[in-house]
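Here are my notes on the model you sent over. Have it open as you go through the points.

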Amino acid sequence: MSAHTSNTMTITLHVWRQAGPNAPGKLEQYEAKNVSPDQSFLEMLDEVNEDLIKAGKDPIAFDHDCREGICGMCSSVINGVPHGGQVRTTACQLHMRTFKDGDAIYIEPWRAKAFPIIKDLIVDRNALERIMQAGGYTSCHTGGVPDGNAILIPKPEADYAMDAAECIGCGACVAACPNGSAMLYTSAKVAQLSVLPQGKAEAAERVCAMVDAMQENGFGNCSNHYECQAACPKGISVKFIAKLNREYQKALFK
Amino acid sequence: MRIFNSTVGRKLLMSISGQLLIIFVLIHLAGNSTIYFGWINAYAEHLHSMPPVVWVFRAIMLAIVGTHICYGVMLTLENKAANPTNYAVKRQLKASFASENMIWTGLLLAAFIVYHLLQFTVKVTPDVAWTANQAVVDVFKMVVTSFSNAAIVVVYALAMIMLFLHLSHGIPSFLQTMGWNNDKTIPVYGTAGKVISAFLMLAYISIPATILVGLLKL
Ligand code: FES
């Protein structure tokens, strides 16, 4: 990135370093030099890591995969907001142009009891998978390829399910929640499957099982702060939590 | 049973008990307002002329308040445990002072209710000691004498600020927990919660305030 000389920035990073799950961690300071405004946040970290490796030091461990905002792997609390302060943006899609020369950036891992730290900025998010697994199956026919329009789904319902399906399961909602609750995540999954014909049959069992799994995996209780929706890189609405609450009430009488 | 153990079930209990308490707050306000029309003694007499009803009502209220406090404390402790480590830097996006301090505004309200009952129901606080040797207590006189004391009025005003904070999050919250919410209603409920709580706060404070400034006197 040395090609950019005119408007490169120097940024001070305060990064959470923790050698392992039970090791004590602390914030360490690094200088990111020659940062291009066109770089993504993760590319900036990559360069810091290259310098660390050259200096024979342990690079900063952080999660990432697609780097195009669709997989949900990237996960850092940047200056006190999961994925950073830009709305509806994952950390990998955050660009350094949103910062200024001389800025200080605090980078911390997701913090919640259900998300134990593995190393530095990487946390174990399997608890979310366990909630998903508890949701079980959806009934469908096996055999030949079904006809495209064999099951009619009204457009509003399809849209509603798609809005919920936007959840990439990154866990920013848990990281943002003062109660460490996974209610937004769980509700997006419950809502998506409960409005579609393929998921309706098991809706009652599913909502109970997923809510129980959320509780068993150490997530807190939702108290409607709505911090989750504000932090969600996909803008998943808390209306899905209301939907989960409705589904749960229906299930109580089944 | 699910409703008593699960995270969503217990929230439902919080929501329903909270709604019943809000209904009580409304009825109590209507009852108190009779002071402006000079009917408060008649109202008090009418209530106390049917002791069984009063006692059944008190038992129900105790059960509702008990449920609300027990689950409130339990859920809050679990929530603290689920989020044990603080961020070095945390920027609040949507949570409010009211939503973050429900447990404290709630517990302060509970303490106030105890004081309020000791004062005007059990009648043992110093300001109402004079009522001890009365065959029939003049409620209007009792209320007016007590609220002529500025310190007591300040306590009431602070308690009503707690009520405002508690309900400004509590009202939108109970609607959400009941599932009566969607994208259109979310902001409406947020505003309605603040407006209704502000109204209740001001309406309740108006009684001691009117007495203190001398607009309502013996
Ligand atoms: S790395 Fe895939 S969403 Fe950020």
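This is a predicted model: local features need pLDDT of at least 70, side-chain atom pairs count only at pLDDT 80 or more; totals for chains, interfaces and linings use all residues.

1. Start with D212(A) and R2(B): their side chains form a salt bridge, N to O 2.9 Å. By salt bridge I mean a side-chain nitrogen of Lys or Arg within 4 Å of a carboxyl oxygen of Asp or Glu. By that rule, the interface of chain A and chain B has three salt bridges.

2. As for bookkeeping, residues are numbered from 1 along each chain as its sequence is written, chains are lettered from A and ligands numbered from 1 in the order in which they are written, and side-chain values use heavy atoms, with hydrogens and water left out.

3. Polar contacts come next: 32 residue pairs across the interface of chain A and chain B, both at pLDDT 80 or more. The rule asks for N or O atoms within 3.5 Å; within protein, one must be able to donate a hydrogen and the other to accept it, and residues adjacent in sequence count only if both atoms are side-chain atoms.

4. Which elements of chain A supply at least two residues each to the side that touches chain B? They are β5 (104-108), α4 (172-176), α7 (203-216), α8 (227-231) and α9 (239-252). The largest share, nine residues, is from α9(A). Helices (H or I, at least four residues) and strands (E, at least two) are DSSP runs, numbered from the N terminus.

5. How much is buried between chain A and chain B? About 3,700 Å², with carbon and sulfur atoms giving 52%; that is accessible area (1.4 Å probe) lost on putting the two parts together, summed over both. In contact terms (heavy atoms within 4.5 Å), 48 residues of chain A meet 41 residues of chain B.

6. Within chain A, five strands make an open, mixed sheet in the order β2-β1-β5-β3-β4. Strands count as paired if DSSP finds at least two bridges between them. The edges are β2 (25-35) and β4 (81-82), each pairing on one side only. Strand β1 (residues 9-18) runs antiparallel to β2(A) over nine bridges, and Q18(A) stands opposite G25(A) in β2(A).

7. Chain B has nine helices and zero strands. Its C-alpha trace spans about 55 × 40 × 35 Å along its principal axes.
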